[in-house]
Amino acid sequence: MMIDTAVIPCGGLGTRLHPITRWLPKEMLPVGLKPVLYWTLDEAADAGLLRAIIITNPHKPMLEAVARNYPGPVDLEFVPQDHPRGLGDALLRARDNLGGSPFMAVLPDNLFHGANPSAAVLDTFRTTGLATVLLAEIGRKEAGSKGATGRASVRKAADGTLRVTAVADKGAGRFDTAGDDVAVTPIGRMAFSADLLDEFEDVGRGLPAGAELDDVPVLQRLARREALAGVISPARFFDVGVPEGYRDAVTASPARA
């Protein structure tokens, strides 16, 4: 299965970065004189993706205006998400635009310096034919600059690729290595076939009214079935959705557009 489309969820309100994100969407925050969203689109283009479906929020009109001025070779489409109801909900909003095609979820608040992580995920997706998630190895000392994500367990498959065998629930605040020097966690690059959206819908039907539809329950389902591949990227990972991660990304980025 070939993937040529990224789904980029931008519907959140960036509450962890208040007060600046009360006026400026977090995807527009500058890193190296370039908006965060442009870094994400550059990565998608470099990985060979041709189209990006950007999930927007009507309360962030600046985002679409800035995105339309992106100078790179990616065709953009915009789909509204009137309330931030979780990553799973954002992906479901893109269903009609995807038209049954596989896709890559690319979260803009995860930035990387080094080898293209989207390309690595796409390569593993093509090799295994399985849903594939990027994995980060996070040390105890750097956990305070990463948002809360669930720790993962992995094993090596016969073909040499990794299988994610378990994903823990997300914690609160910052990432927790549970006392280990290093822990592995899924982060914001995921390749899915279109039928995975049915899994998100099924999970959503079991949620109470108004609850967010997250990606973790679907990743947990896939892991239990040993149907989730993983790839560890050597690129340096910045979580720019939290103040500490944004500070580190700005400090580490060259002052160039």
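**Rings, charges and a buried helix**

User: Which residue lies over the face of Phe237, and at what distance from the ring centre?
Analyst: Keep in mind that this is a predicted model. Look at the face of Phe237: the residue lying over it is Lys146. Its distance from the ring centre is 4.7 Å.

User: Phe237 also pairs with Phe112, so is that pair stacked or edge-to-face?
Analyst: The ring centres of Phe112 and Phe237 are 5.5 Å apart, and the planes meet at 25°. Planes under 30 degrees apart count as stacked, while over 60 would be edge-to-face. With 25° between its planes, the Phe112 and Phe237 pair is therefore stacked.

User: How many residues apart are Phe112 and Phe237?
Analyst: Phe112 belongs to strand 7 (residues 110-113), and Phe237 belongs to strand 13 (residues 236-239). The pair links distant parts of the chain, with the two residues 125 residues apart.

User: What kind of aromatic pair do Tyr38 and Tyr70 form?
Analyst: The structure holds four aromatic pairs. For Tyr38 and Tyr70, the rings are 5.3 Å apart centre to centre, with 70° between the planes. Since an angle over 60 counts as edge-to-face, this pair is edge-to-face.

User: Is Tyr70 buried or exposed?
Analyst: Tyr70 sits in the loop between helix 2 (61-67) and strand 5 (75-80). Its relative accessible area is 9%. Buried means under 20%, so Tyr70 is buried.

User: Which ring has the charged end of Lys34 over it?
Analyst: Follow the side chain of Lys34 to its charged end. That end sits 3.8 Å from the centre of a ring, and the ring belongs to Trp39.

User: Why does Ser193 count as buried, and which side chain does it join in a polar contact?
Analyst: Ser193 lies in the loop between strand 11 (182-192) and helix 6 (196-205). It counts as buried because its relative accessibility is 14%, and the cut-off is under 20%. Leaving aside neighbours within four places in sequence, Ser193 is in contact with Met1, Pro102, Phe103 and Phe125. The polar contact, at 2.5 Å, joins its side chain to that of Asp195.

User: Which residues of helix 7 are buried?
Analyst: Helix 7 covers residues 216-224. Its buried residues are covered by parts including strand 8 (131-139), strand 10 (162-167) and helix 6. The buried ones are Val216, Val218, Leu219, Gln220, Leu222 and Ala223.

User: Which residue with a positive phi follows helix 7?
Analyst: Step past the end of helix 7 and check phi there. The value is near 55°, and the residue is Glu226.

Definitions and conventions:
Residues are numbered from 1 along each chain as its sequence is written. This is a predicted model: local features need pLDDT of at least 70, side-chain atom pairs count only at pLDDT 80 or more; totals for chains, interfaces and linings use all residues. Side-chain values use heavy atoms; hydrogens and water are left out. Rings of Phe, Tyr and Trp (its six-membered ring) pair if their centres lie within 6.5 Å; planes under 30 degrees apart count as stacked, over 60 as edge-to-face and the rest as tilted. Helices (H or I, at least four residues) and strands (E, at least two) are DSSP runs, numbered from the N terminus. Buried means under 20% relative accessible area, exposed over 50%, partly exposed in between (1.4 Å probe, protein chains only). A charge sits over a ring if NZ of Lys or CZ of Arg is within 6 Å of the ring centre and within 35 degrees of the ring normal. A polar contact is a pair of N or O atoms within 3.5 Å; within protein, one must be able to donate a hydrogen and the other to accept it, and residues adjacent in sequence count only if both atoms are side-chain atoms. Contact means heavy atoms within 4.5 Å.
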